[in-house]
Amino acid sequence: MTDTGEGRTLKGMTWDHARGFDPMVATAEIFAERHPGTTITWEKRSLQAFADRPLEAMANDYDLMVIDHPHVGSAARSGLLLALDGTGHDDALATLSRESCGPSHPSYAFGGRQWALAIDAAAPVAAYRPDLLDRVPTTWPEVIALAEQSRVVWPLLPINALMCYFTLLANVGEAFGRNERGADPGTGVRILEEMLAVARHVPEACLSMDPIGASEWLACRGSHAYVPFLYGYTNYSRAGFRPHRLRVADMPALGGDGPVGSAIGGTGIAVSAATKHPEAAVEYAVWIASAECQRGAFFASGGQPANRLAWTDDECNRVTDGFFRDTLATLEGSWLRPRHDGYMPFQDIAGDIVHACLTGQQTPEATVRAVNDAYDRSLAQ
């Protein structure tokens, strides 16, 4: 593949939220200024479409794609993405690996190749209203007690319910998928019972709520004070974004080792194997993942960095009321979910199964069996 360097126009696809779209537009403008003749335009799709739309539906239409790391198993098989190692930036990739916030950077490596670069880091953390809560829970029994006082909101849309199930399993030292099995049956039942102990005391709306909805509820109302698990959004910790500013804290622990096992999420930037401008696309991807951009233009335009140097940056923490430092331990101790080819369909199925348990449609015992069976089938594909 060759790159002429003249009149290059690259198209990118990201997700429809200020955190997902605005930083891409801002960084594309800066990159164009530094590289005359190169233009990068960004389009966006809904958060649900971002999670559901397969790479096959995008790779032929876009040069750059913002993706979830669980897609990399499929990407490695399909050949739809350009492997970023061996493109002349291996020293920069080694630096990004050292600067990774938790497993963000390695989450996009699969089969010995690097398929994307982490640009956004998130994992289930706690959020709260400091004007309504004097003491933040650090253990799950404390969360249950607060829920019994009707002070807890918890986003339990199927995918989020599944991530909480995964998080608590990993927190007690029984990570899902260990040794190519799902969950230990006894431990899985225990985790679901612990989740039910909180879920039965939260508003019914939580069962169809995502992390954005929970953040909006907490920031715009005065009825509840705390969320035990949600993928954090720095926007809500920035002054003036909503009527009330949220603070965040490390995830509450059920196990004895503190805030470990949170199911890491976030996003990475990938390059289509079909791009006609691979050199420019890779150069942009490496730059946007760098500490310079992450704690500079990317953060300033509303992004939530994946580079650890941004998470420890004084200015990034000042603007977000300590968002990064207050949850860094959770990110550093986070858990990387399975990413094999076949995982994504399993995730959709398993989320619905766990959600059915939380709505009283299925017993914890039957739920654990059904999730484990679905996982076994995904490995066999």
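These legends accompany several close-up views of a predicted model. Local features need pLDDT of at least 70 and side-chain atom pairs count only at pLDDT 80 or more, while totals for chains, interfaces and linings use all residues. Residues are numbered from 1 along each chain as its sequence is written, and side-chain values use heavy atoms, with hydrogens and water left out.

**View 1. Helix α5 beside helix α7.** Two packed helices are described by the angle between their axes and the distance between the axes. Here the axes of α5 (residues 140–148) and α7 (residues 185–199) come within 8 Å and cross at roughly 30°, which makes α5 roughly parallel to α7 (angles under 35 degrees count as roughly parallel, over 145 as roughly antiparallel, 65 to 115 as roughly perpendicular and the rest as oblique). Axes are lines fitted to C-alpha atoms, for helices over the stretch in contact, and angles run from 0 to 180 degrees between N-to-C directions. Helices (H or I, at least four residues) and strands (E, at least two) are DSSP runs, numbered from the N terminus. From α5, look for Trp-140, Val-143, Ile-144 and Ala-147, which meet Glu-194, Met-195, Ala-197 and Val-198 of α7; contact means heavy atoms within 4.5 Å. The residues of this contact divide into seven nonpolar, no polar and one charged (Ala, Val, Leu, Ile, Met, Phe, Trp, Tyr, Cys and Pro count as nonpolar, Asp, Glu, Lys and Arg as charged, and the others, Gly among them, as polar).

**View 2. Met-195 in the largest nonpolar core.** This core holds 130 residues, and Met-195 is one of those that touch the most other members, along with Trp-42, Trp-154, Tyr-165, Ile-269 and Tyr-284. A nonpolar core is a set of buried Ala, Val, Leu, Ile, Met, Phe, Trp, Tyr and Cys residues joined through side-chain atoms within 4.5 Å. Leaving aside neighbours within four places in sequence, Met-195 is in contact with Trp-140, Trp-154, Ala-161, Cys-164, Tyr-165, Leu-168, Val-354 and Leu-358.

**View 3. Ser-215 in helix α8.** Ser-215 sits in α8 (residues 211–220) and is buried, with a relative accessible area of 4% (buried means under 20% relative accessible area, exposed over 50%, partly exposed in between, with a 1.4 Å probe and protein chains only). Not counting residues up to four places away in sequence, Ser-215 touches Leu-230, Tyr-236 and Leu-246.

**View 4. The salt bridge of Glu-292 and Arg-34.** Their side chains meet at 3.2 Å, N to O. A salt bridge is a side-chain nitrogen of Lys or Arg within 4 Å of a carboxyl oxygen of Asp or Glu, and by this rule the count comes to 15. Glu-292 lies in helix α10 (residues 291–300) and Arg-34 in helix α1 (residues 18–34), so the pair ties together parts that are 258 residues apart in sequence. Glu-292 is partly exposed at 47%, and Arg-34 is partly exposed at 47%.

**View 5. The salt bridge of Asp-85 and Arg-113.** Here the N to O distance is 2.5 Å. Asp-85 lies in the loop between α3 (72–78) and α4 (90–98) and Arg-113 in strand β5 (residues 113–114), so parts 28 residues apart in sequence are tied together. Arg-113 counts as partly exposed, at 35% relative accessibility.

**View 6. The network of Glu-174, Arg-178 and Arg-181.** Salt bridges link these three residues. For Glu-174 and Arg-181, the closest N and O atoms are 3.8 Å apart. Glu-174 is partly exposed at 22%, and Arg-181 is partly exposed at 36%.
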